[in-house]
Amino acid sequence: MAELVGDKGELLEKAMKALRDSLLRGNLPPVERTAQLISESKHDWLAFPVLAGLAIRESENPQATDRLDDETKRRAVAVYSAVTLMPDQQPDWPKRWVSENPPVVLDVLYRCSLASIEKGDTYLTILNWLEQVDGLEDELHDFRLRLLKSLSVRLPLAQLPILDRLIYLLSKHLDPTELRKLVAQKLAARSMTDAQRIRWMIVDALVNAGEALHRLDEFIGTNSKRAQHLASFLGRYNLESSSGRGTLEFVGNFATNNPAQVLHALVGVLARHFPPREWRNGRLGDADKMSDLVRSWITDLGGLPTEESGSAFDDLIADKRLSAWRSELDFARYRQQRLQRDTSFKPMGVREVLALLQDGPPADVSDLHVLFYDRLGDLADCIRGDNSDPWRQFWADDRGSPPKQPKSEDSCRDALLAMLRTRLPEDVDAQPEGQYASERRADLRVVSKDFNVPVEIKKNSHPDLWTAIDDQLISKYTTDPQTDGYGVYAVLWFGSGIDGYPRHPTAHDRPGTPDELKQRLIASLSHEQRRKIGVVVLDVTKPQAQPSRQVKGRGPAVTSPAYSSCMAQGGKDVH
């Protein structure tokens, strides 16, 4: 001001007083007028004098500034919203006023924000400085939600960053109830653009713990433009995140219990449209950026040490539409497996080790699985080698030569269960028809303490012989948390000539021996599944006459005559 008016003290003092009092002029525009000017890309001629006057008052006595009446504050906040200031020019009074009287200030900011959006702004600086205000989580949540409700479902693409920013800020609030209601209202609008619908559908999936992901997948389908809208929305958080893991952080903001499910769906959708990019120098195109985003999601998924993440990788690797990403998925899956093993490993204490060495109760579900699988293998040897002919218990016409009619599957299960119970330690129990989720029942349930191993039993003449291991045992029973993914698939071998023996679904043949059948079944499992799913094929056909032979055991080998006592002793003394 001194440079402007020269060395005239009286004139300078009057000019400073005029600036200081500009806030109190009667012609300071009301909030409605300022909002209208903002929508027209204008501001009142008093805007900068008012801001200068407030700066003078702040330097003299900030407390006096805070004592201004509410209407004056409302008009001053509106004027502040109408102009753009440099970062070093930002005053402190707006933050103080919003903390002291949130309803007054936030209502003005809402009106001015709508005017800025109407003008066509692609960015709202108001959202940024409000983040620096502490202690108003609920009030700011309501403000952002109110602003988000007001956004048109036909918002231009250039203004979508405002929508994205609001969604991201709202995702940080602990209670998504109101956002969930808003999502339902927005998705009911038929005139919504594809770009917005993609955004609201992914939010719908997130606030509802992934339940709507299949609808998102169906909506995108083979439409690469829609897929790019999704990538653009979620990619914004990866680019803005200092950790480089913005997508996972954004998903985590909604407190979903299963981020693996969300990342699984995102990779499955976008990887079909954006294959791995070729590494080269130069500026990256949009497709390259989307490819990098898919890669980051695969990395995020590989960083989750959960069973759900492992299952997600198995599905993605098996999806032929993602063959271009196979090497990336395989590497991330290997990393995830190591991480999962390291995280889930629990070393046994000295007492547990001693109890285990003394054939005590299983220490955990993996120990129970190994114990039961071993005893089932012993039983398979006993069925073939004992001179009391235990194999007859599986045949209806057991005196035939050779027998031709097997018993029903339930009767075979009961016979197998009776033989197994004598071979299990006291703290391990085998139960028929173990119940699992959705009232599904496995043939057997082997239980110890608070964990168990499901057992699915099939005759080799069953039509589901080749599919039950996956469709029943793995999909329905090993998903129970108390199984930790462990299970046993037991097949009763009645010979290759038995009626109804189904052909292999791809090789279109029938394995000629129990061992060939076992190897085919094991081959149908993934590497991770083979670690937790045991396959046993019990040969219950009539043994050929042969001299005494040795039978496998954990202790000294025994011959068939001596082994006859195993039926009564349960194998305990022998082993």
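**Entry 1: overall numbers**

I started with the surface: the accessible surface of the protein comes to about 28800 Å². Carbon and sulfur atoms hold 50% of that surface. I note here that the model is predicted. Next I looked up burial. The protein has 575 residues, and 48% of them count as buried. I then went through the secondary structure and found 28 helices and 7 strands. Last, I checked contacts between residues at least 6 apart in sequence. Of these, 66% join residues at least 24 apart.

**Entry 2: helix pairs**

I looked at two packed pairs. Two packed helices are described by the angle between their axes and the distance between the axes.

I took helix 7 (residues 93-100) and helix 8 (residues 102-119) to begin with. Their axes are 5 Å apart, at an angle of about 120°. Angles of 65 to 115 degrees count as roughly perpendicular and those over 145 as roughly antiparallel. Helix 7 and helix 8 are therefore oblique to each other. From helix 7, the contact uses Trp97, Val98, Ser99 and Glu100. Helix 8 supplies Pro102, Val105 and Leu106.

I then turned to helix 11 (residues 160-171) and helix 13 (residues 194-207). Here the angle is about 5° and the axes are 11 Å apart. Angles under 35 degrees count as roughly parallel, so helix 11 and helix 13 are roughly parallel to each other. Leu160, Leu163, Asp164 and Ile167 make the contact from helix 11. Ala195, Gln196, Arg199, Trp200 and Val203 make it from helix 13.

**Entry 3: a nonpolar patch**

I searched the surface for nonpolar side chains. Met348, Val350, Val353, Leu354 and Leu357 make a nonpolar surface patch of about 480 Å². I followed up Leu357, which lies in helix 21 (residues 350-357). Is Leu357 buried or exposed? Its relative accessibility is 70%, so Leu357 counts as exposed.

**Entry 4: the loop between helix 22 and helix 23**

I checked two residues in this loop. Asp389 lies between helix 22 (365-385) and helix 23 (409-421). Asp389 is not a glycine, yet its phi is positive, about 55°. I read its relative accessibility as 28%, so Asp389 counts as partly exposed.

Gln405 is found in the loop between helix 22 and helix 23. Its relative accessible area is 47%, so Gln405 is partly exposed. Which residues does Gln405 touch, not counting those up to four places away in sequence? I found Trp395, Ala396 and Asp397. I also took the spacing to Trp395. Gln405 and Trp395 are 10 residues apart in sequence and 6.0 Å apart in space, C-alpha to C-alpha.

**Entry 5: loops on either side of strand 4**

I looked up Asp480 in the loop between helix 24 (468-477) and strand 4 (487-493). Its relative accessibility is 18%. Buried means under 20%, so Asp480 counts as buried. I then compared Asp480 with Phe451: they are 29 residues apart in sequence, but 9.7 Å apart in space, C-alpha to C-alpha.

His508 has a positive phi of about 60° although it is not a glycine. With a relative accessible area of 52%, His508 is exposed. The cut-off for exposed is over 50%.

Definitions and conventions. Residues numbered from 1 in each chain as written. Predicted model: local features only at pLDDT ≥ 70, side-chain atom pairs only at ≥ 80, totals over all residues. Heavy atoms only, no water. Patch = residues over 30% accessible without salt bridge, like charges linked within 9 Å, V, L, I, M, F, W, Y side chains within 5 Å. Areas by Shrake-Rupley, 256 points an atom, 1.4 Å probe, with all protein chains shown as cover. Salt bridge = Lys/Arg side-chain N within 4 Å of Asp/Glu carboxyl O. Helix = DSSP H or I, 4+ residues; strand = E, 2+ residues; numbered from the N terminus. Buried < 20%, exposed > 50% of the residue type's maximum accessible area, 1.4 Å probe, protein only. Axes fitted to C-alpha atoms, helices over the stretch in contact; angles between N-to-C directions. Contact = heavy atoms within 4.5 Å.
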